[in-house]
Amino acid sequence: MPRENMASLIQKIARQARTTFKNCGSSPIGENSKGFLENQAKLRNLLHEIRAEDLNIAPRKLDPSPISVPHNPPVTYMHICETGAFSMGVFLLKSGSAIPLHDHPEMNGMLKVLYGKVSISCFDKLDNPPDAASEAQFNPPVQSYQNNALRRSILRSVGEYTQHSGPCILTPKKDNLHQINAVDGPAAFLDILAPPYDQDDGRDCHYYKVLENGDVKLETGEQKEMWLMEIPQPTDFWCGAEPYPGPQVTL
C-alpha cells in the first residue's frame, strides 16, 4: 500500500517538473540559470522519495514465457502525463532486456529506479573534425557511404542503479545518450523527459551501436572516447503499453 500522504507524491513530482522545465531553453542561460538549478534540485529530491508502491506498481516476477511480437514485448511503458514542457511515465523491463543506446535531442531527462536493478551506460556526443571518420580504423571496416552515420562520443560512465539510488540525470549536452540494461531480474523506472520527443520539432529518437572491439569495461571515474554509428531501431527491441495503475495526475 502507498505510504500515508504519498498518494500526492507523483502529483508533486509532476507539478515540480512543470515548474522546472516550463522555460527551459527559452533563454541563453537556460539550464545554467540559478532558478533552473534550484528547481532541478527540488525535483531530484522529490524523485529520490518515490517508490513503486506509491504508484500501485508491484515488482514483477521472472517471466518464463519467451519474448514475442506483439504479445510479450521486452519493455512496456505506462503513460502518466504529458504537457508541452515534459512527459512522464514508467518503463518496465523484463529480466535480461535492455533499452538500446539512444539519444534525447536538445532534451533534459531524469530517471528514478522503482524496483530491480539497471545498468546505465552514458555517452556524450563530440564534434566530428573534418575527415576524422575516414581516418579512423574500424573492425570490421566501415563503408564510405556509412561515414555520415558516424558520431564521435565519450563514454562517460557505466553505473548500476536501484530503488535506493538517486535519480540518473541527462541534459542536452551531458549524458544525453544512454543504454539501459535490466540486471539480475526485472526492473522498472520512472522517466521524465523535457521537452517530450516530437519528430515534427526535431526531437526524434535515434539509435546507435558502438564501434568497438570487445566489451568496454570502465573503472570508476574513467572516460573513453569512442565512435558510434546511427542505426535503425534494433529489430529485437520494441516497447509495448500497459495501463498506469497509480494516483491520477492533473496539471
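Of the 251 residues of the chain, 46% count as buried, a class defined by a relative accessible area under 20%, with exposed residues over 50% and partly exposed ones in between, for a 1.4 Å probe and with protein chains only considered. The structure is a predicted model, in which local features need pLDDT of at least 70 and side-chain atom pairs count only at pLDDT 80 or more, whereas totals for chains, interfaces and linings use all residues. Residues are numbered from 1 along each chain as its sequence is written, and side-chain values use heavy atoms, with hydrogens and water left out.

The predictor's confidence in each residue is expressed as pLDDT, on a scale from 0 to 100; its average over the chain is 87, and 84% of the residues score at least 70. Among the elements of the chain, the highest mean pLDDT, 98, belongs to strand β2 (residues 87-93), and the lowest, 64, to helix α3 (residues 132-135).

Three helices and ten strands make up the elements of the chain, where helices (H or I, at least four residues) and strands (E, at least two) are DSSP runs numbered from the N terminus. Their order along the sequence is α-α-β-β-β-β-α-β-β-β-β-β-β. With contact taken as heavy atoms within 4.5 Å, residues 24 or more positions apart account for 82% of the contacts in the chain with a separation of 6 or more. The accessible surface comes to about 13,500 Å², of which carbon and sulfur atoms hold 47%, as computed by the Shrake-Rupley method with a 1.4 Å probe, only the protein chains shown counting as cover for residues.

Helix α1 (residues 9-21) contains 13 residues and spans 18 Å from its first C-alpha to its last, close to the 18 Å expected at 1.5 Å a residue, the expected span being 1.5 Å times one less than the number of residues. An α-helix has 3.6 residues a turn, so residues three or four places apart point the same way. In α1, the buried residues are L9, I10, Q11, I13, A14, Q16, A17, T20 and F21, and these pack against α2 (34-49), β1 (75-82), β2, β4 (108-125) and β7 (177-194).

A nonpolar core is defined as a set of buried Ala, Val, Leu, Ile, Met, Phe, Trp, Tyr and Cys residues joined through side-chain atoms within 4.5 Å. The largest such core has 31 residues, of which I13, F86, M88, V90 and L190 touch the most other members. At least two residues of this core are supplied by each of α1, α2, β1, β2, β4 and β7, and α1 gives the most, with six residues. Apart from this core lies another, of 17 residues, among them Y77, A182, F189 and Y207.

When neighbours within four places in sequence are left aside, V90 is in contact with L55, I57, T76, Y77, M78, I80, L114, A188, F189 and L190. Y77, F91 and F189 form one aromatic cluster, and a search of the whole structure finds four aromatic pairs, a pair being two rings of Phe, Tyr or Trp (its six-membered ring) whose centres lie within 6.5 Å.

Several positions in loops and strands were also examined. D103, in the loop between β3 (98-102) and β4, is buried, with a relative accessible area of 1%. Although D103 and C205 are 102 residues apart in sequence, their C-alpha atoms are 6.0 Å apart in space; leaving aside neighbours within four places in sequence, D103 is in contact with K125, N176, L177, Y197, D204, C205, H206 and Y208. E106 is found in the loop between β3 and β4 but counts as exposed at 55% relative accessibility, and its phi is near 55°, a positive value in a residue other than glycine.

D184, in strand β7, likewise has a positive phi, of about 60°, although it is not a glycine, and is exposed, with a relative accessible area of 74%. The peptide bond from A194 to P195 is cis, with omega near -10°, and P195 lies in the loop between β7 and β8 (207-211). In strand β9 (residues 224-231), M226 counts as buried at 2% relative accessibility, and the C-alpha atoms of M226 and V210, 16 residues apart along the chain, are separated by 7.4 Å.

Note on methods: Rings of Phe, Tyr and Trp (its six-membered ring) pair if their centres lie within 6.5 Å; planes under 30 degrees apart count as stacked, over 60 as edge-to-face and the rest as tilted.
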